[in-house]
Amino acid sequence: MSSVGPQRFHVETLGCPKNDVDSDKIIGQLLADGMEPTADPSDADLIVVNTCAFIEPARRESIDTVLALGDRRRDGARLVVTGCMAERYGDELAAALPEVDAVIGFSEPVAAPSRRTIPVSAAPVPAFDLLNLPRPRSSRPWAYVKIAEGCDRSCGFCAIPSFRGPQRSRDIASIVDEARATGAREIVLVAQDLAAYG
């Protein structure tokens, strides 16, 4: 009888450095759950696409990536869409993409088994909060560290506050702890509105 090894995951990240941080947090959670990463999506049991919804070309790239990975996945593998597209257009994506197993917003574990959307709210902080999850050490000498989430501005050209929620700053101790945990020599601080920190 052959033994079955740990399940494998592949995370595809689109968009900005803030999505890079979110993907690192997702990867950290999947590693903590005992899964192993794979660079080959066709070898994965779980494929996660962390999407971008900022401008139309980014939305098109996100949809094209989801469809391409859906074609490449092996039988029985789950395909999960998360990130800004999932938060902003979750219901529409779930209806329009039958090949997707789950459309999951920012405040819910990424391996959830059903199609649903989870809204971000100002308070209380969700029990599952990407902003404060641990992450794996950086494989590079530098790392992005997200110091805040959301935005309080209501710019006419930007929908970020509608799906990332209002500004929520992390405390300094948690930022320092994460920066140290990355093992990186250079830290780049990121947020939707970095100047509004605190």
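The protein chain contains five helices and nine strands, where helices (H or I, at least four residues) and strands (E, at least two) are DSSP runs numbered from the N terminus. Read from the N terminus on, its elements follow the order β-α-β-β-α-β-α-β-β-β-α-β-α-β. The model is a predicted one, in which local features need pLDDT of at least 70 and side-chain atom pairs count only at pLDDT 80 or more, while totals for chains, interfaces and linings use all residues. Residues are numbered from 1 along each chain as its sequence is written, and side-chain values use heavy atoms, with hydrogens and water left out.

**The chain as a whole**

- Of the 198 residues in the protein chain, 45% are buried, a term that means under 20% relative accessible area, with exposed meaning over 50% and partly exposed in between (1.4 Å probe, protein chains only).
- When contacts between residues at least 6 apart in sequence are considered, 67% of them join residues at least 24 apart; contact here means heavy atoms within 4.5 Å.

**Helices H2 and H3**

- Helix H2 (residues 56–72) and helix H3 (residues 84–96) have axes that come within 13 Å and cross at roughly 60 degrees, the axes being lines fitted to C-alpha atoms, for helices over the stretch in contact, with angles running from 0 to 180 degrees between N-to-C directions.
- H2 and H3 are therefore oblique to each other, since angles under 35 degrees count as roughly parallel, over 145 as roughly antiparallel, 65 to 115 as roughly perpendicular and the rest as oblique.
- On the H2 side the contact is made by Arg-59, Ser-62 and Ile-63, and on the H3 side by Met-85, Arg-88, Tyr-89 and Leu-93.
- Sorted by class, the contact of H2 with H3 has four nonpolar, one polar and two charged residues.
- In this classification Ala, Val, Leu, Ile, Met, Phe, Trp, Tyr, Cys and Pro count as nonpolar, Asp, Glu, Lys and Arg as charged, and the others, Gly among them, as polar.

**Two buried glutamates**

- Glu-87 belongs to helix H3 and is buried, with a relative accessible area of 14%.
- Although Glu-87 and Phe-163 are 76 residues apart along the chain, their C-alpha atoms are separated by 5.8 Å.
- Glu-178, in helix H5 (residues 172–182), is buried as well, with a relative accessible area of 7%.
- Beyond its neighbours within four places in sequence, Glu-178 is in contact with Val-21, Lys-25, Leu-131, Leu-133, Arg-135, Val-145 and Arg-170.

**Strand E9 and the segment after it**

- Ile-187 sits in strand E9 (residues 186–190) and is partly exposed, at a relative accessible area of 31%.
- With its neighbours within four places in sequence set aside, Ile-187 is in contact with Ala-143, Val-145, Ala-179 and Thr-182.
- Ile-187 and Pro-141 lie 46 residues apart in sequence, and the distance from C-alpha to C-alpha is 8.9 Å.
- Gln-192 is located in the segment after E9 and counts as buried at 18% relative accessibility.
- The side chains of Gln-192 and Glu-149 are joined by a polar contact of 3.1 Å, that is, a pair of N or O atoms within 3.5 Å, where within protein one must be able to donate a hydrogen and the other to accept it, and residues adjacent in sequence count only if both atoms are side-chain atoms.
- The side chain of Gln-192 also reaches the backbone nitrogen of Gly-150, at 2.8 Å.
- Apart from neighbours within four places in sequence, the residues in contact with Gln-192 include Lys-18, Ala-148, Cys-151, Ile-160 and Arg-164.
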